[in-house]
Amino acid sequence: MPIGYYYAIAAIMFCTGLVGVLLRRNAIVLFMCVELMLNSVNLTLAAAARQWGSADGQVFVFFVIVVAAAEVVVGLGLIVNIFFRRGTLDVDAPRLLRG
């Protein structure tokens with residue numbers, strides 16, 4: 001498969017994630033859209049590494065996966081805590097800083 005297909009699929013994945021982040025208000029859906037955007041970056045890095053015959057992109061993919069895993073652990077903990085305290089996952093509902 002040509003490398004351009006991988007870039008096109010990554011661009012579609014990133015745009016889908018970006019639209020989801022901009023339009024949705026559910027915290028879990030926002031979280032999944034961010035993960036989709038991170039995976040599109042991983043696909044781009046892996047395709048670029050294959051295109052240039054270097055392992056640098058694969059090393060960056062490894063770091064992005066580690067950061068995404070840490071994000072999931074912390075983010076899901078925060079989301080579950082907010083859900084138990086507020087009873088909703090709407091990101092506009094909690095007004096914690098309102099005076």
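1. Helices (H or I, at least four residues) are DSSP runs, numbered from the N terminus. Asn 42 lies in one of them, helix H2.

2. The model is predicted: local features need pLDDT of at least 70, side-chain atom pairs count only at pLDDT 80 or more, and totals for chains, interfaces and linings use all residues. Residues are numbered from 1 along each chain as its sequence is written, and side-chain values use heavy atoms, with hydrogens and water left out.

3. Asn 42 is buried, its relative accessible area being 9% (buried means under 20%, with a 1.4 Å probe and protein chains only). Beyond its neighbours within four places in sequence, Asn 42 is in contact with Val 61, Val 64 and Ile 65; contact means heavy atoms within 4.5 Å.

4. Helix H3 covers residues 56-86, 31 residues in total. Its span from first C-alpha to last is 44 Å, close to the 45 Å expected at 1.5 Å a residue (1.5 Å times one less than the number of residues). The buried residues of H3 are Gly 57, Val 61, Val 64, Ala 68, Gly 75 and Ile 79, and they pack against H2. Just after H3, Gly 87 adopts a positive phi of about 80°.

5. Helix H1 (residues 3-23) packs with helix H2 (residues 27-52) at an angle of about 160°, the axes being 8 Å apart. H1 is therefore roughly antiparallel to H2 (an angle over 145 degrees, on a scale from 0 to 180 degrees between N-to-C directions, with axes fitted to C-alpha atoms over the stretch in contact).

Conventions:
Helices (H or I, at least four residues) and strands (E, at least two) are DSSP runs, numbered from the N terminus. Angles under 35 degrees count as roughly parallel, over 145 as roughly antiparallel, 65 to 115 as roughly perpendicular and the rest as oblique. Buried means under 20% relative accessible area, exposed over 50%, partly exposed in between (1.4 Å probe, protein chains only).
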